[in-house]
Amino acid sequence: MIYGYECMKEKIEELKSAIAAAKAATIEEVEALRIAYIGRKGRVTELIEQFSALSGEQKKEFGRDINGLKNAAVERIAQLKELVENAVNSSSASVESDIDITLPASVQSVGSRHPISAVKQQILDIFHRIGFVTADGPEVEDDWHVFGALNFPENHPARDMQDTFFVDKDILLRTHTSSIQVRVMERQKPPIRVVCPGRVFRNEAISYRAHCIFHQVEGLYIDKNVSFADLKQTIEYFAKECFGEQSTIRLRPSYFPFTEPSAEVDVSCNLCGGKGCAVCKGTGWLEIMGAGMVDPAVLESCGIDSSVYTGFAFGMGVERITMLKYGVKDLRLYFENDERFLEQFKAVY
Ligand code: DAH
């Protein structure tokens with residue numbers, strides 16, 4: 001369309017005020033305005049094209065206005081662009097200004113395994129490596145599995161070795177994980193090679209060296225021709241894996257109703273290397289477990305032919321092993337869940 005003289009004047013005015021009033025909230029809107037006014041087919045561009053078709057006289061008259069319109073459009077669009085960009089930047093700047101990225105980060109406390117869980121797992125892993133598998137059993141037990149089947153005769157003073165929490169006349173909280181070996185023998189034919197971890201309960205006054213709840217790992221190996229030498233070698237392997245290659249063991253004669261012969265096992269003190277120190281009370285040795293050859297009466301109680309099979313068993317306290325490995329001096333620390341204590345074991349798996 002060719003604008004006439006009046007029409008051209010009007011058009012310039014109209015576009016001028018439209019451009020001055022133009023608004024945009026986003027970069028996309030600014031771009032749409034730019035295309036609408038000064039793009040290749042924009043309204044201002046179109047007007048400029050009309051202008052070039054005018055006569056020399058008219059060109060003189062409108063030249064300045066047309067130029068002014070074009071400059072005003074370019075300027076307004078640049079101005080709108082700047083406004084939009086500043087608004088975007090200042091909104092993200094206000095978020096950033098709340099965060100001082102130069103401040104040291106606050107330490108997030110990350111939980112870790114309890115030392116008892118970690119050491120229990122270490123003990124189990126050591127035995128898993130030589131073919132033992134883990135077995136489980138109930139914490140609330142009957143008299144038979146805790147005492148009867150393990151050759152503690154009724155009213156026998158051996159029962160006093162472990163102060164028992166009774167739930168009922170015949171029902172009690174297990175005082176040792178040896179009850180699990182009874183359950184395993186009752187349901188499984190030899191060969192048997194199990195380790196049995198678990199919580200045990202004894203009616204003891206709580207002090208730095210005794211607690212009414214603690215953890216044990218029991219071991220049981222039954223097959224044809226299992227000998228005391230197998231027991232000794234297995235425990236020596238355990239001691240070296242648990243306390244270090246330089247460790248040695250010694251066995252002292254002892255008594256348990258369910259093993260014959262029975263022994264207390266000591267490991268050479270890893271703190272003084274056997275020379276004698278405060279921890280080993282000058283002896284160079286630390287007691288780590290009880291052990292022995294399973295008494296034939298126990299095998300028979302659990303339905304295993306003692307004329308064909310023999311076996312060994314051992315039992316250790318996880319709190320005690322942890323104490324000896326990491327120098328924990330007070331048993332109560334294991335139960336208090338004080339972060340200052342627990343966080344020292346973050347690297348222990
Ligand atoms: N049950 C014993 C206790 O709690 C530990 C023990 C000793 C377990 C000798 C055994 C063993 O299997 O052979 O004191």
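Methionine 316 touches Ile123, Phe127, His215, Gln216, Val217, Phe238, Ile288, Met289 and Ile321, leaving aside residues up to four places away in sequence. The structure described here is a predicted model.

**Nonpolar cores**

Met316 is also listed, with Ile123, Phe238, Ile288 and Phe314, among the residues that have the most contacts inside the largest nonpolar core, a set of 43 residues. The elements that each supply at least two residues of this core are helix 5 (115-128), strand 5 (213-223), helix 8 (228-243), strand 7 (259-268), strand 8 (285-294), strand 9 (310-317), helix 10 (318-326) and helix 12 (339-342). Helix 5 gives the most, with 7 residues. Another core, of 26 residues, lies apart from this one; Val146, Ala158, Leu172 and Phe258 are among its members.

**Aromatic pairs**

The count of aromatic pairs comes to 13. One of them joins phenylalanine 127 and phenylalanine 238; this pair is stacked, with 5.2 Å from centre to centre and 10 degrees between the planes. Phenylalanine 127 belongs to helix 5 and phenylalanine 238 to helix 8, so the pair ties together parts that are 111 residues apart in sequence. Phenylalanine 127 counts as buried, at 1% relative accessibility, and phenylalanine 238 is buried as well, with a relative accessible area of 0%.

A further pair is formed by tyrosine 221 and phenylalanine 312. Their ring centres are 5.3 Å apart and their planes stand at 80 degrees, so the pair is edge-to-face. It links distant parts of the chain, since tyrosine 221 is in strand 5 and phenylalanine 312 in strand 9, 91 residues apart. Both tyrosine 221 and phenylalanine 312 are buried. These two pairs meet in one aromatic cluster, formed by Phe127, Phe132, Tyr221, Phe238, Phe312 and Phe314.

**Helix 10 and threonine 322**

The buried residues of helix 10 are Val318, Glu319, Ile321, Thr322, Met323 and Leu324. The cover over them includes helix 5, strand 5, helix 8, strand 8, strand 9 and helix 11 (333-336). After helix 10 comes glycine 327, which has a positive phi, near 65 degrees.

Threonine 322 has its place in helix 10. With a relative accessible area of 0%, threonine 322 is buried. Its side chain reaches the backbone oxygen of valine 318 at 2.7 Å. Not counting residues up to four places away in sequence, threonine 322 touches Pro115, Ile116, Val119, Gly327, Val328 and Tyr334.

**The ligand**

The ligand is surrounded by 16 residues, of which His176, Ser178, Arg202, Gln216 and Glu218 are the closest. Gln216 is also one of the residues that methionine 316 touches.

| Residue | Part of the residue | Distance to a ligand oxygen atom |
|---|---|---|
| Glutamine 216 | N or O atom in the side chain | 2.9 Å |
| Glutamate 218 | N or O atom in the side chain | 2.6 Å |
| Alanine 313 | polar backbone atom | 3.1 Å |

How much of the ligand does the protein bury? Taken alone, the ligand exposes 350 Å², and the protein buries 91% of that.

Terms used
Residues are numbered from 1 along each chain as its sequence is written. This is a predicted model: local features need pLDDT of at least 70, side-chain atom pairs count only at pLDDT 80 or more; totals for chains, interfaces and linings use all residues. Side-chain values use heavy atoms; hydrogens and water are left out. A nonpolar core is a set of buried Ala, Val, Leu, Ile, Met, Phe, Trp, Tyr and Cys residues joined through side-chain atoms within 4.5 Å. Buried means under 20% relative accessible area, exposed over 50%, partly exposed in between (1.4 Å probe, protein chains only). Helices (H or I, at least four residues) and strands (E, at least two) are DSSP runs, numbered from the N terminus. Contact means heavy atoms within 4.5 Å. A residue is near a molecule or strand if one of its heavy atoms lies within 4 Å of it. A polar contact is a pair of N or O atoms within 3.5 Å; within protein, one must be able to donate a hydrogen and the other to accept it, and residues adjacent in sequence count only if both atoms are side-chain atoms. Accessible areas come from the Shrake-Rupley method with a 1.4 Å probe; for residues, only the protein chains shown count as cover. Rings of Phe, Tyr and Trp (its six-membered ring) pair if their centres lie within 6.5 Å; planes under 30 degrees apart count as stacked, over 60 as edge-to-face and the rest as tilted.
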